[in-house]
Protein chains: 2
Amino acid sequence: MALKLEIAQEMLLAAVAVMPVERQPLAHCWQRVLAETVIADIDFPPFDRSPLDGYAVIATEVEQARPDAPVRLRQIENIAAGSVARESVRPGTACRIMTGAPIPPGATGVIRLEDTAVDGDIVSIMAGAGAAKNICRRGEEIATGEVILTAGTVINAGAMGMLAVLGKAEPLVYVRPRVALIATGSELIAVDEPLVPGKIRNSNSYMLSAQVQEAGAQARLLGVAGDDVDAIAELVEYAADCDVCITTGGASVGDYDLIGEVFKKLGVKVLFERVSIKPGMPVLAGVKENKLFIGLSGNPAAASISFEQLVRPVLLKMSGRTNWWRPCVKARLAAPFGKSTGAKRFVWARCWQGEAGLLAEPLSLQGNGMLKSAIAANALVVIPENSPPLPAGTEVEVILLVNG
Amino acid sequence: MALKLEIAQEMLLAAVAVMPVERQPLAHCWQRVLAETVIADIDFPPFDRSPLDGYAVIATEVEQARPDAPVRLRQIENIAAGSVARESVRPGTACRIMTGAPIPPGATGVIRLEDTAVDGDIVSIMAGAGAAKNICRRGEEIATGEVILTAGTVINAGAMGMLAVLGKAEPLVYVRPRVALIATGSELIAVDEPLVPGKIRNSNSYMLSAQVQEAGAQARLLGVAGDDVDAIAELVEYAADCDVCITTGGASVGDYDLIGEVFKKLGVKVLFERVSIKPGMPVLAGVKENKLFIGLSGNPAAASISFEQLVRPVLLKMSGRTNWWRPCVKARLAAPFGKSTGAKRFVWARCWQGEAGLLAEPLSLQGNGMLKSAIAANALVVIPENSPPLPAGTEVEVILLVNG
């Protein structure tokens with residue numbers, strides 16, 4: 001019995017826990033998942049500061065200043081960025097101030113340099129209205145006590161900057177799940193071996209290693225095992241330090257059912273054996289001691305789609321992310337999909353914005369040319385179960401192959 | 001004079017060359033840019049093969065087979081995947097065959113196991129129509145001599161699989177550009193230093209390091225220099241092994257114009273000093289000996305947008321990519337943008353698909369809360385030059401912050 005996709009997804013998500021946490025130098029944290037709630041322990045800016053080069057003044061003294069009626073003030077000091085004023089601004093005085101420098105005590109506005117002229121220690125203010133606006137107020141961006149970032153956030157460029165502002169030199173992040181990849185099949189040789197009759201190269205491990213990394217996890221390629229339970233079991237045991245162990249090949253019933261025997265041998269408890277999707281129906285999933293074992297089909301299209309639908313959400317959950325799903329949109333088929341569909345089907349597609357909305361063009365009707373389709377695709381069209389052939393223009397659900 | 005954005009982009013793109021190439025183990029090639037045209041030197045599959053477990057037969061012999069009128073054949077051998085048949089299939093015989101195994105000589109079809117029954121060395125074929133379809137033909141996916149991947153392709157999961165199929169154990173890829181990041185400003189301290197009055201932490205280098213990595217390049221954080229030409233020049237010289245050197249701060253005229261002086265001191269030829277965009281107008285760009293020097297504003301919003309608009313396309317070109325631009329779509333403003341605009345303006349936004357098409361909500365009117373906007377944004381709204389305040393519902397161009 002093939003399980004409904006949504007039920008299989010729920011079973012896998014329920015079977016895994018979020019990874020432990022570690023501290024990492026901030027410079028290495030891009031795209032990592034934050035494992036702590038970051039609460040501001042400072043105001044930012046930490047002091048009233050000048051957003052430009054100019055003169056700090058008492059705003060009411062210069063309000064009426066115009067080029068033909070300048071207000072003359074005595075310059076008292078020059079505050080460089082990073083310095084603090086020694087004197088207060090008193091009536092009749094102004095203080096030269098640099099971008100980023102703290103506003104001196106007494107000053108209530110800043111006049112930009114372009115609106116001033118200097119003669120000795122006298123500065124003429126040519127335009128004074130709005131001087132008060134030229135102060136970036138302490139706490140304007142961030143207030144002490146504010147929740148700034150929550151655990152589960154994927155650290156992007158803005159978050160990197162924010163963590164730096166708050167002095168988080170070593171943020172707490174989730175450890176990236178380690179995923180072992182084992183290819184099985186006596187027809188397989190390694191990518192650098194010479195091709196001999198009857199053999200093909202192991203490509204699934206490389207394709208899946210990219211999908212693992214795209215999900216933010218670490219891939220460990222453990223190589224190839226022939227169609228032999230002991231040989232496969234040995235490699236699977238070698239993956240003991242990984243959090244998830246994925247095999248390809250030998251997963252469909254009849255296909256020797258090798259992976260089922262490997263599970264039995266190693267005491268892996270089977271969760272399910274088949275999922276009702278195309279391609280990718282044979283998926284043997286099991287758990288043992290909080291570790292997930294996934295037997296995918298040896299067919300590249302099936303392995304890739306099963307991974308996308310079943311393993312990727314699990315890796316995102318383990319990684320500590322809070323959103324486990326790709327963005328989904330509605331689009332119209334740019335070309336007919338000529339095949340009737342029993343189990344829910346996922347079809348590689350190119351999606352783009354046409355004049356009248358989003359369009360999606362299915363890239364292949366068959367498994368043939370599968371890798372070519374996977375190379376060109378930026379989306380998956382979802383064909384609902386029990387669909388007739390669909391004409392061009394049919395509205396379909398489209399999964400965008402970007403992060404959500 | 002501020003340069004038009006498109007002209008500044010063209011000048012920078014013209015000033016840089018594509019990086020040299022290197023070979024990398026395939027397992028490390030995900031997201032790298034391919035530097036060779038890959039032409040298939042094999043057919044794939046390399047032989048006619050069985051897509052399922054079953055019996056290889058002479059198709060015409062079993063065409064009429066039905067459960068109530070089976071065709072009986074003598075089983076001659078069992079071809080495992082990875083093996084080659086020793087015998088030919090002759091009239092009256094069938095050959096057990098595993099998924100992925102080569103079709104034996106003489107056979108013209110495969111019957112799936114489910115449609116057969118075995119008794120000793122006699123196999124009964126219960127359904128025989130369409131047996132010929134159960135053969136994956138040699139060269140069906142890839143034909144020898146076919147151009148499979150072109151230089152400039154970003155290696156995704158499909159391409160990883162394809163390169164493995166073709167035995168490219170060490171593909172030729174472009175070296176990733178190395179980008180030095182130097183923060184300047186006497187108000188800056190390192191992220192792990194204690195905050196003292198008048199100081200703020202260097203956040204720009206961390207924010208930009210993420211943007212550099214997102215563009216596929218390598219970031220080298222060289223730390224902070226005060227507002228001192230010699231100190232900055234020393235750090236810039238320290239970046240000699242990098243391909244691009246980016247400073248933040250000291251770039252606007254009046255702001256001491258420190259970076260201009262650094263360029264003069266080091267013999268960097270200035271390309272331009274200001275670009276007509278907001279935020280991010282002050283951008284000092286120069287070249288010396290095929291190396292690019294970019295002085296960005298110290299204001300985080302300005303630095304980030306200038307990088308996105310001017311540096312990112314350059315890094316993509318240097319990386320060997322053929323498409324240097326983000327995907328652009330049309331969307332309607334989900335909220336008014338209340339500010340009139342002189343120079344072309346870029347506003348962080350959230351973009352999503354509403355009932356009647358794409359919507360984009362600007363995340364901030366001011367520089368205030370800039371990092372919060374950058375954290376939440378998945379798009380940039382483009383406000384054309386000389387625009388009045390725009391009401392909600394206005395159609396705008398939106399740059400999606402994903403790879404194109």
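What is the volume of the largest cavity? About 40 Å³, and this tour takes you there.

A word before you click: this is a predicted model in which local features need pLDDT of at least 70 and side-chain atom pairs count only at pLDDT 80 or more, while totals for chains, interfaces and linings use all residues. Residues are numbered from 1 along each chain as its sequence is written, chains are lettered from A and ligands numbered from 1 in the order in which they are written, and side-chain values use heavy atoms, with hydrogens and water left out.

A cavity here is a set of points on a 1 Å grid over the protein atoms alone where a 1.4 Å probe fits but cannot get out, and its lining residues have an atom within 4 Å of a point. Points are joined across faces, edges and corners, and volume is the space filled by probe spheres set on them. Searching the whole structure turns up 2 cavities of 30 Å³ or more.

**Stop one: chain A**

Select V236(A), C245(A), T247(A), I259(A), V262(A), F263(A), F293(A) and I294(A): they line the largest cavity. Helices (H or I, at least four residues) and strands (E, at least two) are DSSP runs, numbered from the N terminus. The largest share, 3 residues, comes from α6(A).

**Stop two: chain B**

Next, select V236(B), C245(B), T247(B), I259(B), F263(B), F293(B) and I294(B), which surround the second largest cavity, with a volume of about 30 Å³.

Terms used: 1 Å grid on protein atoms, 1.4 Å probe; cavity = no way out; pocket = protein on both sides within 12 Å on 5 of 7 lines; lining within 4 Å.
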